[in-house]
Amino acid sequence: MLRLILALLWAFLAMVFSLPVHLHWKHIAKKDPVKAWNKSWKYVRGFFRVLIFLAGTKIEVRGAENIPADKAALFVGNHRSYFDIIILQTLSKTPMAFVAKKEFRSYPLLPLYMDDIGCLFLDRENVRASLKTIADGTDCMTKGLSLGLFPEGTRNHGDTLLPFKAGGYRMADKAECPIVVMALTNFGRIFEENKFHFIRRRHVIIEFDKPVYPHLMEKQEQREFYENIPKRIQEMLDTHKA
């Protein structure tokens, strides 16, 4: 209970008192969005590190050497918790944003900071809007912004992966950036899967596979790679249980 209260209090105070900083980033973004991404990414990463500390989460990272340090990447993985985003943001070596469902636009304050780091809001029920989001994501990646994509489309608390929606993969192909497949274990046990949604001290595992460049593949090879992403994630998840 105490961890939840401290985390919520920290999140509320940090967002409210950093509103002037948000306005500053917004002003910078009008002339230089890349500079704004860098500044906001460093700030948000520090904010998330405090949240992880308050949650008492122990993070085991496997394949950290596979996280690109000099180029944007599309990180593709299973989705278990809000902490997926929090923890992944602190591990990225370049400015990073996420592809989120459009419903996040209705949250108080949060969308301001999601805009600051370059997040994209996807409307899966509107094909034209979805294509626009993919085009925007491609442009952002070309400029150096990494993106996190969870193709299941929602947080999954089951034992098997939900069907993957592969449309977002095209962003990496068109931007000529790598896809880094990742597998996340025990993340839901930090918060969502607990009774009364209390935050608990947990040990989590996040594993990064080697970067793959879809734009260097033949179409058939690329198609097979996309189709095998869920299988590859499941293989990594299985090793975490061993």
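Ala, Val, Leu, Ile, Met, Phe, Trp, Tyr, Cys and Pro are counted here as nonpolar, Asp, Glu, Lys and Arg as charged, and the others, Gly among them, as polar. The views below show a predicted model.

**View A. The largest pocket and the residues that line it.** The largest pocket has a volume of about 1,200 Å³, and 39 residues form its lining, with F48, Y82, I86, F104 and L110 lying nearest the centre. Sorted by class, this lining holds 31 nonpolar residues, together with five polar and three charged ones. At least two lining residues come from each of α1 (2-17), α3 (33-55), α4 (83-91), β3 (96-101) and α5 (110-117). The largest share of the lining is that of α1, which provides seven residues.

**View B. The second largest pocket, with the lining residues around its centre.** For the second largest pocket the volume is about 320 Å³, and the lining consists of 17 residues, of which A29, W37, D115, D116 and G118 lie nearest the centre. Nine of these lining residues are nonpolar, two are polar and six are charged. The elements α2 (19-31), α3, α5 and α6 (127-142) each contribute at least two residues to the lining, and α2 gives the most, with four residues.

**View C. A nonpolar patch on the surface that includes F12.** The patch is formed by L9, F12, L13 and F17, which together have about 430 Å² of accessible area. F12, one of these residues, belongs to helix α1, the helix that also supplies seven residues to the lining of the largest pocket.

**View D. The salt bridge between E193 and R80.** The structure holds nine salt bridges, and in the one shown here, between E193 and R80, the closest N and O atoms are 3.3 Å apart. This pair links distant parts of the chain, with E193 in the loop between β6 (179-185) and β7 (203-208) and R80 in the loop between β2 (74-77) and α4, the two being 113 residues apart. R80 has a relative accessible area of 15% and therefore counts as buried, the cut-off for that class being under 20%. The relative accessible area of E193 is 36%, so that E193 counts as partly exposed.

**View E. The salt bridge between D115 and R105.** The side chains of D115 and R105 meet with an N to O distance of 2.9 Å. Distant parts of the chain are linked by this pair, since D115 lies in helix α5 and R105 in the loop between β3 and α5, 10 residues apart. D115 is partly exposed at 36% relative accessibility, and R105 is likewise partly exposed, at 46%. D115 is also among the residues nearest the centre of the second largest pocket.

**View F. Further salt bridges, including that of K143 with D139.** In the bridge between K143 and D139, the closest N and O atoms are separated by 3.1 Å. K143 is partly exposed, having a relative accessible area of 41%, and D139 is partly exposed at 37%. Elsewhere, D209, R232 and E235 are joined in a network of salt bridges.

**View G. L109 and N186, residues with a positive phi.** Most residues other than glycine have a negative phi. L109 is located in the loop between β3 and α5, where its relative accessible area of 27% makes it partly exposed. N186 is placed in the loop between β6 and β7 and is partly exposed as well, with a relative accessible area of 28%.

**View H. R201 in the loop between β6 and β7.** What is the relative accessible area of R201, and is the residue buried or exposed? The value for R201 is 57%, so the residue counts as exposed, the cut-off for that class being over 50%. The C-alpha atom of R201 is separated by 9.1 Å from that of L54, although the two residues are 147 residues apart along the chain. The loop that holds R201, which runs between β6 and β7, is also the place of N186 and of E193, the partner of R80 in View D.

Methods
Residues numbered from 1 in each chain as written. Predicted model: local features only at pLDDT ≥ 70, side-chain atom pairs only at ≥ 80, totals over all residues. Heavy atoms only, no water. 1 Å grid on protein atoms, 1.4 Å probe; cavity = no way out; pocket = protein on both sides within 12 Å on 5 of 7 lines; lining within 4 Å. Points joined across faces, edges and corners; volume = space filled by probe spheres on them. Patch = residues over 30% accessible without salt bridge, like charges linked within 9 Å, V, L, I, M, F, W, Y side chains within 5 Å. Areas by Shrake-Rupley, 256 points an atom, 1.4 Å probe, with all protein chains shown as cover. Salt bridge = Lys/Arg side-chain N within 4 Å of Asp/Glu carboxyl O. Buried < 20%, exposed > 50% of the residue type's maximum accessible area, 1.4 Å probe, protein only.
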